[in-house]
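Please look over the sequence and the model before reading on.

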Amino acid sequence: QVQPVESGGGLVQAGGSLRVSCAVSGRIFGGYTMGWFRQAPGKEREFVAAVSRNGVVAYNADSVKGRFTLSRDNTENTVYLQMTSLKPEDTAVYYCAAGLTAVPGRRPDEYKYWGQGTQVTVSS
């Protein structure tokens, strides 16, 4: 059984920074591609960033615009999303997911296991 668990969300002012974390159960964490998605009320789930099981990282440049950095720590079974220069439009529930693609997948259907999400709110 694989269970991603997000943490680190909260309230931050525009221009600030926040790091969200995703811890994953299981003894083969390094065998999964890990992705971050976000969803605002009434909107579709949006790809943010992902890292493949062999360390390739992909970002949604249209929305992230170079402000977010994803990292992976296999020794702790944890992935991190460092968010800087936050904007009100970044406000959403951020979800972590684990999948089995060989490349960092950009679609929700490429991921099998999902966390419960963590709320990120950016105020102006």
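Where does Ser85 lie? Ser85 sits in the loop that runs between strand E8 (78-83) and strand E9 (92-99). Keep in mind that this is a predicted model.

- Ser85 is not a glycine, yet its phi is positive, at about 50°.
- Ser85 is partly exposed because its relative accessibility is 39%, which falls between the 20% and 50% cut-offs.

**The disulfide**
- The count is 1 disulfide.
- Cys22 and Cys96 form it, with their sulfur atoms 2.0 Å apart.
- Cys22 belongs to strand E3 (residues 18-24) and Cys96 to strand E9, so the bond ties together parts that are 74 residues apart in sequence.
- The torsion about the S-S bond of Cys22 and Cys96 is about -80°, so this disulfide is left-handed.
- Cys22 has a relative accessible area of 0%, so it is buried.
- Cys96 is buried too, because its relative accessibility is 0%.

- Thr33 is part of strand E4 (residues 33-39).
- Is Thr33 buried or exposed? Thr33 counts as buried because its relative accessibility is 0%, and the cut-off for buried is under 20%.
- The Thr33 side chain reaches the backbone oxygen of Thr101 at 2.7 Å.
- Beyond its neighbours within four places in sequence, Thr33 is in contact with several residues, including Val51, Ser52, Arg53 and Arg72.
- Also among the contacts of Thr33 are Ala97, Ala98, Gly99, Thr101 and Tyr111.

Key
Residues numbered from 1 in each chain as written. Predicted model: local features only at pLDDT ≥ 70, side-chain atom pairs only at ≥ 80, totals over all residues. Heavy atoms only, no water. Helix = DSSP H or I, 4+ residues; strand = E, 2+ residues; numbered from the N terminus. Buried < 20%, exposed > 50% of the residue type's maximum accessible area, 1.4 Å probe, protein only. Polar contact = N/O pair within 3.5 Å; in protein donor to acceptor, adjacent residues only side chain to side chain. Contact = heavy atoms within 4.5 Å. Disulfide = S-S within 2.5 Å.
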